[in-house]
Each structure stands twice: as structure tokens, then as C-alpha cells.
Amino acid sequence: MPEAGPPGADPLSRVVTALNTVAPDLDGTAFADLLWLASRLDGTATEGSATAVNTEPTEHAPAPDPTDTAPEADSVHLLDRTAGRALHERLPGARGRLRGDVVAASGASGLPRTLPVTRALRPWKRPWLRGRTQTVDLDATVDAYARSGELIPQFRPAPERWFGLVVVIDRSPAMQVWQEVIEDFTAVLNGLGAFHTLQVCGLVFGEHGPELRDGLDRTIGPGRLSSPDGRRLVVTVSDCAHPGWREPEVWRQLREWATSSPLALLNPLPVKLWRRTALDLPGTRVLPGPPGADNTQLVFDLPPLLPEGGHDNWLPVPVLSLSPHSIGRWSRTVMRRGREGCGAVLVPRTGRASEERPTPRSTTGNADRFLRTASPAAARLAVLSSPFDELSIRLLHLIRQELVPEAEVADVAELLTSGLFPVRTDQEGTVELLVPRTAQEGLRKELTEHEVWRINRALSRYLASHRTGSGQLPTVVHNPAGAADLPSALRPFAEASRRTLELLGLLDESTPRLREGTPSTPARTKSSRGPVSPPYFYLSYARTPSLGPDAGGDPNHWVGVLYRDLCSHIMAMTSLPANAPAGFMDREMGVGEGWPERVSENLANCQVFVPLFSPRYFTSEMCGREFYAFTERVLEAQAGGAMAAGSRVVPVLWTGLLNAEHLPESVHSLQLDHMDLGERYTSDGIYGLIKLTRLRDDYEEAVYRLAQRIVRTAQESPLPPGRPRSFASTPTAFRPRGSADRSIRLTVVAPTRHSVPEHRDPAPYGESALDWNPYHGESTRPIASLAQELTRALDYRVSVSSFDDEELAEPDAGPDSPDTLGILIIDRWALTDARRRDRLRVFDTRARPWQGAIVPWYHADLQSQGAQGQRLTADLERIMPLTLERGRRTDTMSAVNGVPTLAAFTQALPRVVAHVTQQFLRHAQAHPPSLPSSPRPRLSGPTPSSPHPSSEERTDRGDEV
């Protein structure tokens, strides 16, 4: 062998040089594999050690916990504790206990491939052409006008949504493992917009057969689901594993519903397991009948050797799996007459076939047999779950989403029904999977060492990048100084880095102020010019339009002169380094840079906001967005206790003192009469001083004083960096031109410290409902005060009150009263009071479309989660259905479904305000000014003396609205 490297080289370099000489075609990956194999072939490894998972060096192992009562010599160490803190899943039934902090991490969606499932359901959006409401028929109106010369509107029935949907969910104990999947699937149906109503019922097998229960667990008659007009769709969700499905009563009930409405059976189990359950009826393929027809009109062929009867004795029931392909075929068959048809089972008149079916064989087996027979995705899920002694369904879905994205619901079902992982359900309804020692030994043979670390890294990255998720994962952050020993899994599933701790609302030991709400410093984005340094001030101005090529010069030239003079003074007054920008204005951006991104980033990092006030400034939507984005950032910092109270806005009069009556509500709190800058500044503004040569000294003094004020404001209480928000989605702080003054009432529905239930933590509450602070882990300010300032920043006149102190409007107060916009800020714990529940129920029945709601809750408040949180949410749905339904129409991230963080609240509130304003303009009664009496004109066509305006004229007039 040739000389392996120079004499002074390190051993690894000499080995690499030698290998490169012997095999010059090896690449870097091949080198790494070769070195890893060489390290395993040291002559001491025993059989099977190549796939052992307990070979990580001991310095990476978590520190032993004195409360860990079941340590194992070959345990799998999933976490490098030197880089962060261990995250353990909080399991109420766990055999181990861990000292730490309780948090709720972001969970995963229980329904894989949500977007393809949504697309598969699109055929149900086909409208019913002749609805109950009327719409203007333009063609008929034009024909009537041409015949009679009188403009008389003609109406026709308006299209509407075809079906109301009823989802009947099997409430058998075995169906609890599908709770997350069913909830996410129901959410997809609710957000699809294809059904005019959505009702969820439960199917319970009692002593007297199957019973139908509503959302309040009250028994309802099965005849309630029959539809006389065929406009109701019924989807039954069950795995058909309960013994009640082997009795004929439930199938006769399904037949009854299917004779008047389209009905389908949705089974989360994989198709190959259906025959092991009560879904062992004769199978067939159905072809479409008329669009939207019930099951009696579906076309099918009888399978051969059917034991009895003809077509009249059998009724087809489509059976679906939770895959886009299966759901899509069924949707197209029923609504689009798809030629491919879909699969179904045949249900006889008696409900079940006369002959007895064999008892399903046991699914319990060892890991080797499961790995040989299971689908590849189900086998991989089992292998990746083997490092844990116990895990919840939520964590299993998280592993599936992040590490096995190709897995479907059927693959999860195959694992859950295999018998490998016994299921345990605690009193709170949490479903936990136990991983026995025998199953671990068989599955870990297929688990390599690098995959163990890949599990940890993937889940850690997910938690660090998701502030909120579709479901909450109860978690314990290991902390020896924690308040209590909590039941949890002994092995961590992820690593809580500093960023993750910030998102979870906890602190790292080196940053004690983080728990008080100090916002984290966002990573700086980079542009083509390199890293962007935070500016000292942000200059906001309204662009003056050019008068044309002959006007001469740039109309915004003098704004740039003011900006450069301010930067010069600030550099002299401070210790800013030479390469640090003293200010920012968009005229200084380079060609080709992303304008919205740079504006958002500088607004999120500047210390002082300097707007140039002029009449044109308050009509500029861009300036309004800049003003609101900075105001929102200041309010968030003050709410979190990161800075003292006070304004960080230094307004500059560009055209002289403005009439206070014409100023927006959002700037009324700012001091504009700057007498210390000189009388000529107050009367003429910066523009007058800079344009007149004889006022040059006044200009120099005013700019110098302004620079002093900017520096003093920035140094009084440093403003921490914020989060850059999308500039396109930022609302404006100024009302549209020509609109009337806007008033809005914010009403807080919350208990006080003295009226809160005994078992409820009183920390978020005060002496009044207006003292309620749901985000007490992030904010030091009551939610009412924060919401008032945020809404005022949107240019509204705001009043705040407690719901307990308000008088409800009388039912005969008129169809359009009250005339004031309103938003309820609801604490779900307020529903524990019977009197308040009754008043909210009455309010809901009288609520107008322009009265919205927002439901804050804190993601780290475990009392508002789990079974208790579900009960509170169910109470709210029962008491205020109309208000919540209206609130869900705002956008996909509805505020009535819960706002878990302070940052999410500041983004959700403007959307709710915009929604109620739109509803008010759409529904409120108009009060036109009185006109002099004159003969009522006849609606007729245009005459030469009164022609219709041209499209150009209408466009010009629209600019003045």
C-alpha cells in the first residue's frame, strides 16, 4: 500500500488518503458507509448488533431522574440533553412520573391528505337549482322591459346547496381510537361549504338495541333522519366491530334511512379487514342513478350464489374508506353520475343474511407475522413507534405525519387492530397505546440507529416550527426544579430547543424574563444586499403624484431631503456604528428588492415610527397599513411587559396643523401641537419651511428638535424586535375616504375572581370581568384593554363593557337595532354560571349579523383543554349556535373556534372587526336624506335628456366614493 498521507497528518486523513488511492471512484457517501461498516466490524460485535438501537454514547443519554422507577439497561436514548430540554408526552395513565413543566405542544392532523380529500368531496357542491329564495332573472327582466318599456324586475328561484348533512358516529368504546380522525374529517365537511346544515349524531348500542343521540347526549327518534324531500345526506362512521353490528336492527335502520336519502357507510379500517367485522355482507359495485338520488335508485348486479331473493330484497349501501380515491368515486357516482361506480354492500330486508357467519379470528399476533403481512406504511409506523414504552394516538399521528407521510388512515387502522399495541383508555378519555416488551424486541430488529435519531430530530423540528396545530399534544418539559411530579412517558419524544421553549411559553434557565412574555428575536431575513440591520426610525409618508413629464422634478424630492437631514442629526447624537442605518424609507431601497418584505421587516425592527401627517396621508391605504403594523407591535410588547407604556410614534406635520375633527380616531391620542418646534412649523409644516428660502433657519431648528425627540423616545424604553407580518394582509388604520364615523362596542363575557368556579385557577381573573387576562403567561394587560387599543388603531370609536352589566335589547326594538357594531370576547368558563348562560342564550336569539364573537384561550392553560375543554366548547355550541355559525363564515381560521396565543389574537381581532363591519353595511337599514316632494318617476329606459353615464364616468365617480 502506498504511503497514507503526509507523516504529520491525523489518522483519519491518512485513512481517507489510502482509501482514495486504492478506490479512486468512491464518493463521499461511499466513504461514510465504508467507515461506518469498519467501525462495526471490530471483532466483538454479537449477532444482531448491527441493528441494535442502544449504542448511542452515554454522554448523549438523558440524566437519570430519581423518580424514574423503571430504568432499563437497553433503553433507547432519544435526546441529546446538552442541546435543550427533554419533551415527554403527558399520559394520565403512565406508570412513571416526571418532574417538569406542563405545556401543550402542537399536534398533528388525524386525517392524512386533507387537501385531496377536500377535492374528492367537490361534487357535493352541485347546487339545487330551484331553491326557496328568489333572485333577479336578468334575461326575463330585459325581455319584459323590451316589451313594456317599464323596468319591472323579474324573479326566479335561486340555486341553493343541495343537501343537509347528518354524520352518525358510532360511539362504541373501540371507536375512541378514531376520535381525532373523525373530528378532522368532520371539520373538512364543515369547511367545504357544500352543505346547508351539518348535524353530528351518535349511535349507541344499549340494552334495547341501537339508539340515536344528539350533540347533548339526548336520545332522539331514528325517524328524525328520514327526509321527505330527499334533500338530506346521511354518512354513518363505524368500524362495524361492536357485537351490535351483527344484529339485524341496526342494518334495518340503515335501510330505512337509505330509502329516503343517500346514505353511505364510512369505515376507517383497511378494506382487507372488513370481512373480519360485521361488514361481511354480500358485496357489489353500484352504478349511478339520477343525480342526488337515494340508495333505492342505484343500479347494481346481484353477485352469484346469493342465498335468497332478487333485486327487491336487497338494498345497496356504499361503503367507503377514508381515502381520496374511495370518497371521490362515491361522490362522483351519486352527484355526477360517474361511470366507474363505487363499492357497496347489499343489505336484505331482514337486516342480516339468514346464515350464521364464522366468528372473526383473533388478530393478536407477534411482530414478525405483522411485519410480513402488513402494508409497508403500517409496518414502518410500527417500527418507528417501537422505541416508546407507551404513546398516545396523538403522538402516533404526529409520527405518521412527519415520518411516514404516505400512510393513510387504513394503515393506522391496520396497526391499531393488529393486537401488537394494547389500547388503554383513562377516565379523561385519552387513548394510550402500550408497547409490550415482546413487540419492542421484534420491531427493533428493523430499526437502525440513525432512524432513532431521525425520529427525535423530525419531531423536534416540527414542534419548533408550529405555534399552533390541529390538535394539542399534552406535554411535560423535563425540569428538575419543576413544581410537581407529573404522570408522563419515561422516554422523551423530542427536544425542546430555546425556540421551542419560547413557542410553548416556557423559559430556558438562562432567560428568566421569557416567562413574563418577552418576545423572542426573530431571525433576520436576507436580501440581495445581505443582512438587514434594524433602523433607528421608520419614515412613513404619502407619495405626491406627479403632474406629468413637463412638471419638472420629483414631487417627493423634499421628503428625501428631510429624511437625509434627520439621519445626519441622529448619527451625530447617537453612537450608531458607521454601517448602521439611522432610518428607513422606501425610496432608499435597491432596484429589484422585494418591497413588501423589506417594509414589513423594517417595521418589525425599527425603534421609532415617524409619520408625515398631511391630508393625503390619511387617505393612503399603504400609510394606514404601516401605521397599524407598528401600533400592533407596540401593543404586543407592552402587553408582554417587554417595554414601558408610552407612544413610540413621533408625528411630523408636513403641511401644517390639521383640524382635529377631521383626524382619524387612531391618531387622536398623539400630541400634534409641537410649539417647541416653532410657530412657523405649526402653521406651515415642514414642507412650508423647506420650500421658502427665508425660513431656512426655522427649518434647521425644527429638524434638529425632531431628531432630538426621536432619539429621546427611542432611549426611554427600547422596543424589542417584533415578528414581520404579511404587508398584504395588514389592515389599515384609517377609514376609507368618504365613510362615516364608525363606532363599535366590545363586550367581555367572563367571570370575576370571586365568581369563578372553585376548581378553576383564579390567576387570569380580577375584580371585574374587564380585568380578565386569558394570556397571563404572555401578557400583563387585560384582554379588554388590549382589544380596545387594537380596535382604536383601526380607526373606530370604541367602548368597552362587561356583559354582566349590560341590558339586553328588547325583542321589539326593531329589525335593525342596535345600530352599533358589537363583538363579544368570550371566556368559556363564564358558561358555568346559570344566569349568564340564560342571558347568553337570549342574546344569541336576538343577535344581529353585525354582532360577532371571539373566544380567547391560552394554549398552556391545561384546565381549558382535554375533557373539560370539550365540555366547555360543547356548552358554548349549545348556547350560542347562531353567533358561532356566523363567526365561522369570516375565514378558515375562525376566531370563535379558539385563539390560543396573544399573537394569534392580535391577528384575529382585525378580521372579526372587518367581518362585522361588512355585515353592518350589508344588512343595516339605510337612512337617506329627505328630498323635496315631487312626482314619483316611472322606471323606464334612458332618454336623450337623461342618458346613463358612460363607463369612464362611472369609474371617475367611483374614485370619489
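Trainee: What should I know before I start?
Mentor: This is a predicted model, where local features need pLDDT of at least 70, side-chain atom pairs count only at pLDDT 80 or more, and totals for chains, interfaces and linings use all residues. Residues are numbered from 1 along each chain as its sequence is written, and side-chain values use heavy atoms, with hydrogens and water left out.

Trainee: Which strands make up the open sheet of 4 strands, and in what order?
Mentor: The order is 30-29-31-32, with parallel pairing. Strands (E, at least two residues) and helices (H or I, at least four) are DSSP runs numbered from the N terminus, and two strands pair if DSSP finds at least two bridges between them.

Trainee: Which ones are the edge strands?
Mentor: Strand 30 (797-802) and strand 32 (851-854), each of which pairs on one side only. The twist averages 20° from one strand to the next. Axes here are lines fitted to C-alpha atoms, for helices over the stretch in contact, and angles run from 0 to 180 degrees between N-to-C directions.

Trainee: How many bridges join strand 29 to strand 31?
Mentor: There are 6, between residues 743-749 and residues 821-826, and the two strands run parallel. Val-749 stands opposite Ile-826 there.

Trainee: Which helix lies across strand 31?
Mentor: Helix 24 (residues 902-923), which lies across strand 29 and strand 32 as well and runs at about 145° to strand 31. Contact means heavy atoms within 4.5 Å.

Trainee: And Arg-848, where is its place?
Mentor: Arg-848 is in the loop between helix 21 (834-846) and strand 32. Its relative accessible area is 19%, and that counts as buried because buried means under 20%, exposed over 50% and partly exposed in between (1.4 Å probe, protein chains only). Arg-848 and Leu-821 are 27 residues apart in sequence and 9.1 Å apart in space, C-alpha to C-alpha.

Trainee: New topic: why is strand 11 largely enclosed?
Mentor: Because 5 of the 6 residues of strand 11 (residues 232-237) are buried. Strand 7 (residues 163-170) pairs with strand 11 in the parallel sense over 6 bridges, and Val-167 has Val-235 as its bridge partner. Strand 12 (residues 263-266) also pairs with strand 11 in the parallel sense, over 4 bridges; there Val-234 is partnered by Leu-263.

Trainee: How many residues of helix 11 are buried?
Mentor: 7 of its 8 residues (409-416) are buried, including Val-409, Asp-411 and Leu-416. Among the elements covering them are helix 5 (179-192), helix 10 (393-403) and strand 19 (431-434).

Trainee: What is the order of the open sheet of 3 strands?
Mentor: The order is 17-19-18, with antiparallel pairing. Strand 17 (390-392) and strand 18 (423-425) stand at the edges with a single partner strand each, so one side of each lacks a neighbour in the sheet. Helix 10 lies across strand 17 and strand 19, at about 85° to strand 17.

Trainee: Last one: how many cavities are there?
Mentor: The search finds 7 cavities of 30 Å³ or more. A cavity is a set of points on a 1 Å grid over the protein atoms alone where a 1.4 Å probe fits but cannot get out, and lining residues have an atom within 4 Å of a point. The largest cavity has a volume of about 90 Å³, with volume being the space filled by probe spheres set on the points, which are joined across faces, edges and corners. Its lining has 13 residues, with Arg-760, Asp-827, Trp-857, Asp-861 and Ser-864 nearest the centre.

Terms used: On a 1 Å grid over the protein atoms alone, a cavity is a set of points where a 1.4 Å probe fits but cannot get out, and a pocket is an open set with protein on both sides within 12 Å along at least five of seven lines; lining residues have an atom within 4 Å of a point.
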